[in-house]
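Please describe the protein shown here in a short report.

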Amino acid sequence: MAKATARRSPPTTIESSRDRERLKTVVFPEHSDLAARVAERIVEVIQRETQAKGKVVLGLATGSTPLGVYEELIRLHQAGDVDFSHVITFNLDEYYPMSPDSPHSYHRYMWENFFAHVNIAKHNVHIPEGVTPRERVTDACAAYEAAIRAAGGIDFQLLGIGKTGHVGFNEPGSDAASRTRIVTLDTLTRKDAAADFFGVENVPREAITMGVATILDAKEIALLATGEHKAGIVARAVEGDISTDVAATFLQRHPSVTCYLDLPAAAELTRIKTPWILEGIDWTPAMVERAVVWLAERSTKAVLKLSAREYAENQLSPLLARAGSAGPINGQVFNRLREKIRGRAKLPAHERVLVFSPHPDDDVISMGGILRKLWENENQMVVLDTSAVQRARATVNAGMEQKAPGEIDIPVVQNLKKFIRESEAIAALAAVGIPASSARFLDLPFYQTGEVRKRPLSEEDIAIVLRLIDETRPDLVFVAGDLSDPHGTHRTCKAAVEAALARYQGGKPEVWLYRGAWQEWSLTEADVLVPLSQDELHAKILAIFRHQSQKDTAPFPGYDEREFWQRVEARNLETAARADRLGLPEYYAMEAYVIQRV
Ligand code: PGA
């Protein structure tokens, strides 16, 4: 078998002290490097084991996290670099009950996202059956365990991690000796799946999953986590005590586990969050700011009131020693924070501004405040909804056919929905002062109209975005930097814009990343803080209200049951309150933006 082609230089990883870590972790600043590295490792295992024993057994996972790994394995296979004919697979889990044909089944996920594109033999694929009659489930689970043993055990197990800390569907309460069995899903897990099922009430209550002991029998384990929404549970799994409350902590007993993390998912690890308490570090201005804000919040004091004693008592003597006393450091951080605050007078004026909105409402949810100020500053604005919102081409007289939750709409209904959301987007922009002529609607192919799972980014997507950038020649571009949305749409949209900008021949615009729908940038992450008055926040909320079809029950509420406007209000108020507690001017509310470094 051919060796895997070396496609790129080795991925960059973050190296630092791992004193607190009980699992080996590798942190990738570049999200795409993570999938490439894991796929590379899987190919190595396939080649090693097939050479040694003529076959290899992989334990596989579903969910959004491993999709990039499957894409990369398919690519390597198509390039002739990996052969799956001797690969045997066992999937971790399946919902119960669940028909294999359902769009939600893990059978369908695995075939659509991976197996159909490689030369794996159907009889080598094993996935727990969601259609086994209940009285036979126990026997079927025992047979699944026996099949793994008969195959010689799992050589390499791929794992994701849920917000409950589950691996497979081993929810809190699962013990180290658990084997393949039927389990009741945790409420949080069901809420996380609600987006895919169009409502939590449609998510199955049970699942069949390999047990913790089944997973720990694998010879090598890779735990993958990406996105800021995983940061808390990753830190608990990696640094916390072993407990049945968090099944992933049992991995600490395994001799060969690697956690592959992107930077947002690693953000709560001590070595990333507060590296100064572990080792001597490079005190860049950004690191000094993070340390001092951390110290101020820990001591519940304003930055300018921090004393040498606080520095010394909180392991920050090395920083103190650099300046000799607290005053200069406090002053440096205070000024840095204050300079981030940019009201209208300090925001761009008379420039060309291009805003990419992955969904019709992300623009006003995340940047409803700055939009108005940019318009007032006489910038030339183009607000671009990249989702498949296009004009209704058909008259809606076919009637609304019945569909089960989560099934795909018939085209006429899709068109009607697009028309509604487009009209709402225009009305919402008008509410923050932006005229309808500034709103544009792109139909990027990756959205795969009407389906929950989106297509991977294609050349066509990039070409469409590039054409628009060529046409508008922006000085400033806004892109969603919120990577934890349930369907990965924001991540794909950002990748499309980045790829298009890399090819753009004109002058490179500055790129500002916004968040808002799911999380907000923290004060220390942010480069720009835009203060909002009470009236401005109110106008922004009214703009969000214009997205009537998303109100009352947001179709994709994730785990946060508040409506989008409530989350936005709380976040914008909190950012301002936090600045106030640090001793900065007391603003009513604030939006936060990160300027992308290239
Ligand atoms: P996700 O799911 O990859 O979709 O985040 C992971 C899991 O729940 O195990």
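## What buried means here

A residue is called buried when its relative accessible area is under 20%, and exposed when that area is over 50%. The model is predicted. In this model both Phe84 and Phe114 are buried.

## Overall build

The protein contains 19 helices and 17 strands. Its radius of gyration is 25 Å, close to the 25 Å that the globule rule gives for 598 residues, so the protein is as compact as a globular protein of that length. The C-alpha trace spans about 70 × 70 × 45 Å along the principal axes.

Buried residues make up 56% of the 598 residues. The accessible surface is about 25100 Å², and carbon and sulfur atoms account for 51% of that area. Among contacts between residues at least 6 apart in sequence, 77% join residues at least 24 apart.

## Aromatic pairs

Two aromatic rings count as a pair if their centres lie within 6.5 Å. By this rule there are 17 aromatic pairs. One of them joins Phe84 and Phe114, with 5.5 Å between the ring centres and 85 degrees between the planes, and the pair is edge-to-face. Phe84 lies in the loop between helix 2 (67-78) and strand 3 (87-91), and Phe114 in the loop between helix 3 (106-113) and strand 5 (125-126), so the pair ties together parts that are 30 residues apart in sequence.

Tyr95 and Phe197 also form an edge-to-face pair, at 5.3 Å centre to centre and 85 degrees between the planes. This pair links distant parts of the chain: Tyr95 belongs to strand 4 (residues 93-96) and Phe197 to helix 5 (residues 187-197), 102 residues apart. Both Tyr95 and Phe197 are buried.

Ring pairs also build a cluster, which links Tyr70, Phe84, Tyr109, Trp111, Phe114 and Phe115. Phe84 and Phe114, the edge-to-face pair described above, are thus among the members of this cluster.

## A charge over a ring

Arg515 places its charged end over the ring of Trp521. The distance to the ring centre is 3.6 Å.

## Ser299

Where does Ser299 lie? Ser299 is in the loop between helix 10 (285-298) and helix 11 (308-313). Leaving aside neighbours within four places in sequence, Ser299 is in contact with Leu306 and Glu310.

Is Ser299 buried or exposed? Its relative accessible area is 19%, and the cut-off for buried is under 20%, so Ser299 counts as buried.

Methods
Residues numbered from 1 in each chain as written. Predicted model: local features only at pLDDT ≥ 70, side-chain atom pairs only at ≥ 80, totals over all residues. Heavy atoms only, no water. Phe/Tyr/Trp six-rings, centres within 6.5 Å; stacked < 30°, edge-to-face > 60°. Helix = DSSP H or I, 4+ residues; strand = E, 2+ residues; numbered from the N terminus. Buried < 20%, exposed > 50% of the residue type's maximum accessible area, 1.4 Å probe, protein only. Lys NZ or Arg CZ within 6 Å of the ring centre and 35° of its normal. Rg over C-alpha atoms; globule rule 2.2 N^0.38 Å. Contact = heavy atoms within 4.5 Å. Areas by Shrake-Rupley, 256 points an atom, 1.4 Å probe, with all protein chains shown as cover.
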